[in-house]
Amino acid sequence: MSEGRAADRAYTGIVEIINRDQLEIGDRLPSEARLVEMFGISRTIVREALVRLGSDGITEARRGAGSFVKRRPSERLVAHMPMEELSATLGSYEVRFVLEAEAARLAAARRSAEQMRAIDQEMARLEKALLSSGPAHLEDMALHRAIVLATSNPAFVSAFDHMFADMDRVMKAGIDISRSRPPETIDAMLSEHRMIVEAIRVQDADGAALAMRWHLSQGRKRLMP
């Protein structure tokens, strides 16, 4: 088994420990030595899994004290993806932070009037879908792709399309989880998208990149309870 797959297995195993043992926020995880023993893998791989869990906001390391639960993944999340795919799917956010923030920056700098109309149209469709009770992930994806298309760089489009499966799972889960919460959650999601679109409209490149990073960071948080 490759180190990457072993780290994925450890990541999944730690999330399963959190769920199985009903660990609460602030509870301490088993020690690295204990995790090594439980999973039959090296300490290096356990540490890689813990770093990735920390990046995804699920755990936090405290110097000299170990790792602790920071957020519990929503129970609804695993309804949208097998547990063994959780690490790779949430890890896709790390790529999206780079890819889509820069795409938003370039879209703001380069977009044509026609591309702006396309972005506005997809924003209107997303707003209608989110305010209804039906699916909205395809409209969400279409808006993000319209922004990528406005870079006028086929390499960005190719990279975005390559990530379709992971993004589709995340967007489905994010909307489902958000709809199970107070209405303000969907309002926040709409506001984040509007901020991105408006920054692109006024050709504020830095503002568009920051708005996209904020939206993605909030989106990842919405996957947790």
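Is Glu-60 buried, exposed or partly exposed? Glu-60 is partly exposed at a relative accessible area of 30%, where buried means under 20%, exposed over 50% and partly exposed in between (1.4 Å probe, protein chains only). Glu-60 forms a salt bridge with Arg-62, with 3.2 Å between the closest N and O atoms, and Arg-62 is likewise partly exposed, at 37%. A salt bridge here is a side-chain nitrogen of Lys or Arg within 4 Å of a carboxyl oxygen of Asp or Glu.

## Model and confidence

This is a predicted model, in which local features need pLDDT of at least 70 and side-chain atom pairs count only at pLDDT 80 or more, while totals for chains, interfaces and linings use all residues. Residues are numbered from 1 along each chain as its sequence is written, and side-chain values use heavy atoms, with hydrogens and water left out. The chain averages a pLDDT (the predictor's confidence in each residue, from 0 to 100) of 91, and 98% of the residues score at least 70.

## Other salt bridges

The whole structure holds 19 salt bridges, one of which pairs Arg-201 with Asp-120 at 2.9 Å between the closest N and O atoms. This pair links distant parts of the chain, since Arg-201 lies in helix H9 (residues 184-201) and Asp-120 in helix H5, 81 residues apart; helices are DSSP runs (H or I, at least four residues) numbered from the N terminus.

Asp-168 and Lys-172 also meet in a salt bridge, at 3.6 Å from N to O. Asp-168 is buried at 13% relative accessible area, whereas Lys-172 is partly exposed at 35%.

Notes. Helix = DSSP H or I, 4+ residues; strand = E, 2+ residues; numbered from the N terminus.
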